[in-house]
Amino acid sequence: MAKMWAGRTSGIIDSVADDFNSSIHFDYKMYKQDIKGSMAHALMLGAQNIITKKEAETLIDGLQSILDDLESGALKFNMKCEDIHMFVEEELTSRLGDVGKKLHTARSRNDQVALDIRMYLRDETNEIIELTKDVISAITEKAEEHRSTILPGYTHLQRAQPITFGHHLMAYAMMLMRDIDRFEDCLKRMNISPIGCCALAGTTYNTDRVFEAKQLGFSGISMNSLDGVSDRDFSVELMSDIAILMMHLSRFSEEIILWSSWEFKFIELSDAYTTGSSIMPQKKNPDMAELVRGKTGRVYGDLMGLLTTLKGLPLAYNKDMQEDKESVFDAVETVKMCLKVFAPMVATMNVCTDNMKKAAQEGFINATDLADYLVKKGLPFRSAYKISGQIVSKCINDGKVLETLSLCEYKSFSPLFDEDLYKEIDLKTCVEKRISEGGTGLASVEKQIKAVKEFLNQ
């Protein structure tokens, strides 16, 4: 079958080369954006009297009928077409005859595909933002439920200081809020229309690029036609933002995997988000969290693949740029899948509060507060630090924790100890004393939760 671009060549190429060259098996995803873009283009051509208004109306009606038929399933994609643009144009011409051939006036597939992918990714980015908000909402609800639940905070994966589970969870809410901010910022640069740049140099027709851009919801137009058709910065930026989001989800997944192990047993995931073993009946595997962690590497690969593809391309359009779509489509679909499973996984997990508190007590994470107690009694910090370390060593040897050591034993290390020390080293007191802005104290955590809820309700 000869191609619609036949002329300089016969338009007939080897079947293997044709399959290699074809992109419809993945760019069909942009059918809606391609058709809507063409409708706006036809409207502009009619408004500028490049074609008659009647012809513009006919084209728009024909395009709408194709969209309707695709949506209803009455029309199937012809995978023998080279790409989605050729499929739509060929279908339109078969329905309208010569009028259909006028649609491509004053544009090229170069600016057309640049338009389609910006529109498609704009829609997908907005969906990613909403899905990310769902995860933040699940985290915030769980944090509010456990704003006073004590667990050990870690550095180097060693028990460090007492915090609340709500405080720990809110750290991830903050990360995801930054992710949303990055996506919204990315949208600003994505939302620039390239249509009208044509192949690379613009057109001799008296087009109205601003009119066409406004019809499609763009905030402006690309100011340089070479840049308009060759720019894929927005794809790279979006994939970079997705990679950062996946990094955050992966870090959270790692903690969920650790917490759900028997060694920690801080949480138990719902059966709906775990799997069993084919041979070991006792197993309850956190596969969803592990898959999120694993798919993060896949998204990183998508980003590096596109960066490598683009790094050596001269202006303007090159066929290499067809490789932008599969990688960005994969990154988008992957992060959406991860977000969709993550929100309910967090929302339905059971928190083992007793195990968290026991781990906090056994970790001597109130040792700093013990040292601070002596400092308040007038002892230099370094001396207080040494005594506290000696007391911890004794507790380990005797199988005790700081709370169960007798006052007599404390006084054997320093006469400054008195009955009031037990209140000072109580884990709840240790948490509540962290009154600095952003700390783990109850008032601070509640303030964080309030701020996140306000963000979600904007």
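Val-375, Phe-381 and Tyr-385 make up a nonpolar patch on the surface, and together they have about 280 Å² of accessible area. Keep in mind that this is a predicted model.

**The surface patch**

**α11 with α12**
- Helix α11 (residues 287-310) and helix α12 (residues 324-347) have axes that come within 9 Å and cross at roughly 160°.
- Angles over 145 degrees count as roughly antiparallel, so that's the label for α11 relative to α12.
- As for handedness, α11 passes α12 in a left-handed crossing.
- On the α11 side, the contact is made by Met-288, Ala-289, Val-292, Lys-295, Arg-298, Val-299, Asp-302 and Leu-306.
- On the α12 side, the contact residues are Asp-324, Ser-327, Asp-330, Ala-331, Thr-334, Met-337, Cys-338, Val-341, Phe-342 and Met-345.

**α10 with α11**
- α11 also pairs up with helix α10 (residues 233-259): their axes come within 8 Å and cross at roughly 160°.
- These two helices are therefore roughly antiparallel to each other.
- The crossing of α10 and α11 is left-handed.

**α3 with α5**
- Helix α3 (residues 31-47) packs against helix α5 (residues 84-96) at an angle of about 55°, and their axes are 10 Å apart.
- That angle makes α3 oblique to α5.
- Here the crossing is right-handed.
- α3 brings Tyr-31, Asp-34 and Ile-35 to the contact, while α5 brings Ile-84, His-85 and Val-88.

- For context, most peptide bonds are trans, and most residues other than glycine have a negative phi.
- Leu-315 and Ala-316 are joined by a cis peptide bond, with omega at about 5°.
- Ala-316 is found in the loop between α11 and α12, the two helices whose axes cross at roughly 160°.
- His-156 has a phi near 60°, which is a positive value in a residue other than glycine.
- You'll find His-156 in the loop between β1 (150-155) and β2 (158-164).

Conventions. Residues numbered from 1 in each chain as written. Predicted model: local features only at pLDDT ≥ 70, side-chain atom pairs only at ≥ 80, totals over all residues. Heavy atoms only, no water. Patch = residues over 30% accessible without salt bridge, like charges linked within 9 Å, V, L, I, M, F, W, Y side chains within 5 Å. Areas by Shrake-Rupley, 256 points an atom, 1.4 Å probe, with all protein chains shown as cover. Salt bridge = Lys/Arg side-chain N within 4 Å of Asp/Glu carboxyl O. Axes fitted to C-alpha atoms, helices over the stretch in contact; angles between N-to-C directions. Helix = DSSP H or I, 4+ residues; strand = E, 2+ residues; numbered from the N terminus. Parallel < 35°, antiparallel > 145°, perpendicular 65-115°, else oblique. Left-handed = near helix turned anticlockwise from the far one by under 90°. Contact = heavy atoms within 4.5 Å.
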